[in-house]
Amino acid sequence: MRRRLPGFLLAAPAWAWLAIFFVAPVGMVVWFSFGYKPSIFATQATDKLSFDRYAEVLSPTFFATFQNTLWVGVAGTVLCFLIGLPVAYWMAVKAPPSRRGLLVALVMVPFWTNFLVRTIGWQVILSPEGWISTALQTVGFEPLAILNTRGAVLLGVVYNYLPLMILPLFVAFDRVNGPLREASKDLGAGKWTTFFRITLPLAQPGIIAGVLLVFIPLMGDYITATVLGGAKGNMVGQLVASQFQTAQNWALGSAMAVVLIIVILLTVAIGAGIVWLVTLPIRASHRLVIGAPDTAPASVSIREEVAA
Amino acid sequence: MTTATTTEAEATTTASPGAEAPGTVVIDAVTKRYGDSTAVDRLSLTIEAGEFISLLGPSGCGKTTTLRMIAGFEEPDAGDIRVSGRSLLGVAPYRRDVNTVFQAYALFPHMSVAENVAYGLQQKRTPKSEIRERVVDALDLAQMRGFADRKPTQLSGGQQQRVALARALVNRPSVLLLDEPLGALDRQLREEMQLELKLLQSRLGITFVFVTHDQGEALSMSDRIAIMRSGRIEQLADADTVYARPASAYVAAFVGQQNFFRGTVVEGGAVDSAHSLVYNMSAELPVGSTGLAAVRPEFVSIDADVAAGASDASNTARGTLIGVSHLGETMQYLVQLGDDQSLIARRPSPEAPQLAIGDAVVCSWRAESVLLFPADDAASASGYVAPPTV
């Protein structure tokens with residue numbers, strides 16, 4: 001007799017992969033974060049467990065870097081959203097359908113070049129000796145002093161992560177396009193009402209995907225910050241990398257990584273909560289619950305009224 | 001002096017488009033092109049207020065484009081469209097006093113049934129208490145009251161159809177546009193909805209413009225049917241006229257079924273086909289031209305050919321029975337007359353003759369039931385005069 005294999009087995013390779021290469025390492029990081037660095041030559045020890053490394057992470061030195069990271073992460077994600085939304089909308093709704101494949105390919109073009117090389121490209125452009133700076137100086141401006149600041153990091157991350165915002169938004173808008181938007185206009189809604197009541201709510205999964213795809217890797221990014229940020233544009237990703245690679249203090253690096261994960265989760269939760277709260281009155285005003293029909297339907301007078 | 005002025009004023013009023021009653025739709029020499037192809041070609045059509053009109057035709061005949069121009073989703077390249085006497089040129093869809101029931105219903109999946117129906121009223125800033133009342137009324141009208149708080153995805157196709165109808169009617173438009181709204185329903189439900197739609201329309205008195213490729217649907221519901229072909233109206237008439245006196249071979253073939261005979265027109269309005277002489281005295285076609293004679297299967301009687309090879313009377317055809325099928329109330333017979341000509345006969349089941357496949361049969365029909373048309377090369381090229389199949 002043939003026995004059917006349970007469906008979840010289809011995902012078994014992926015589960016195994018995640019268990020070995022994601023769950024286990026993260027578990028080890030959490031475990032190390034309660035330990036300490038016993039000597040110059042050892043990276044970590046866990047014979048004595050404490051929260052001391054967390055206290056260290058939250059000390060003013062590192063705390064400033066966390067603030068900076070959060071600022072770049074939130075500002076970068078918001079900028080990517082504000083810039084990517086109209087582009088994705090235009091691609092999915094306004095651009096001729098025959099051109100959409102080409103447009104998607106164009107959005108992907110930056111990914112054909114190495115992430116590091118792209119970022120170094122910006123270093124060249126933004127440097128005080130770069131062409132923008134030279135051009136500005138010829139018309140009497142000071143040399144450009146944006147490199148090695150938080151602004152340069154922000155510019156770099158928006159550039160690097162914008163496609164990750166545009167693509168899911170494009171897919172979401174593309175799916176909403178067509179009869180639903182026409183139905184909205186047919187029922188008397190203008191462009192903006194149609195956008196905010198039909199297109200945007202139905203694109204919600206794409207918006208969530210885009211925001212997470214940008215925010216999470218951005219918070220852990222250390223290449224952009226290293227290349228463009230210098231000392232002033234420091235981010236947590238750099239700190240973690242230096243603790244593991246340079247200082248060889250795995251305990252402290254692990255604590256930083258764990259705090260970063262917590263910060264990311266909290267920020268996402270708080271962000272979702274804010275959106276939920278802000279849209280609450282709007283959603284409430286459109287809500288209409290009829291309830292179960294009355295026992296005696298007053299249908300006769302009603303039909304006359306509709307006919308009138 | 002005073003009298004003259006009054007008359008003049010009256011004359012102006014009558015002549016101006018403002019005199020068109022609310023709910024009247026006037027399509028005035030409208031043309032719509034997509035690149036090289038002309039979807040709608042100088043189409044003119046006046047739809048009376050409160051009329052149920054069907055735009056009937058095969059896909060690509062321009063019927064949906066016409067509807068979309070009334071709704072405002074397409075702008076005509078030339079001509080004018082007026083609803084209730086007001087020109088709609090350049091008027092955005094959301095400012096038009098028309099509502100549409102879409103082919104795939106287009107219900108908003110993130111809103112409940114009631115919220116879908118309320119959407120149009122909310123756009124008009126209707127007071128909340130009134131919205132609630134009117135939504136309930138519209139849902140009652142569509143018999144969907146009990147489903148008010150469900151999501152559209154929890155409804156069957158027929159139920160979604162009713163919600164789409166309620167969502168459009170709640171706005172009390174002067175014109176309701178229906179774009180093949182019954183296409184996705186199974187046959188039984190479709191027939192039920194046809195009846196309901198017709199009842200609803202006559203009760204509400206709203207102008208219905210109904211687009212369909214289903215001739216049965218058009219025949220059963222419409223006050224008038226506009227049969228469309230290549231962006232133009234081939235015939236505009238009520239169901240009886242369209243069925244009994246089609247204006248062209250195209251209409252004759254599209255509405256109901258026809259047996260066609262191609263031949264040369266001879267004296268007395270007859271077509272001399274290879275297999276039988278088909279005539280109708282009332283037809284007027286130039287002698288010597290090529291004509292198409294049409295006779296509907298239900299007018300053809302069939303019997304066993306007891307005198308094979310006997311004299312060929314007119315309006316008679318001899319052949320071999322190659323197919324019999326039971327259609328319920330009628331029996332349908334497929335008769336092979338020659339290599340390239342077959343004939344369908346249909347008899348009411350109780351009086352249907354008992355015939356076996358392979359039998360020699362003789363078919364005949366009355367001269368009055370024959371329609372004569374000039375041969376329509378464009379129509380025959382499209383293949384609709386092909387031998388009928390069972």
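Predicted model: local features only at pLDDT ≥ 70, side-chain atom pairs only at ≥ 80, totals over all residues.

Residues are numbered from 1 along each chain as its sequence is written, and chains are lettered from A in the order in which they are written.

Chain B holds 10 helices and 20 strands, taken as DSSP runs (helices H or I, at least four residues; strands E, at least two) numbered from the N terminus. Of its 390 residues, 44% are buried, that is, with 20 or more other C-beta atoms, placed from the backbone, within 10 Å of their own. The domains, whose bounds come from an automatic or database assignment, have C-alpha centres 39 Å apart.

| Domain of chain B | Residues |
|---|---|
| domain 1 | residues 22–244 |
| domain 2 | residues 259–381 |

An open antiparallel sheet of chain B has 5 strands in the order β15-β19-β16-β17-β18, where pairing requires at least two DSSP bridges; β15 (301–304) and β18 (341–348) of chain B are its edge strands. Within this sheet, β16 (residues 316–326) and β17 (residues 330–338) of chain B are joined by 6 bridges, and G323(B) lies opposite L334(B) in β17(B).

The contact between the chains (C-beta atoms, placed from the backbone, within 7 Å) draws 35 residues from chain B and 26 residues from chain A. On the chain B side, the elements giving two or more residues are β6 (98–101), α3 (113–123), α4 (128–141) and α6 (187–204) of chain B.

Terms used: Contact = placed C-beta atoms within 7 Å. Buried ≥ 20, exposed ≤ 12 C-beta atoms within 10 Å, placed from the backbone.
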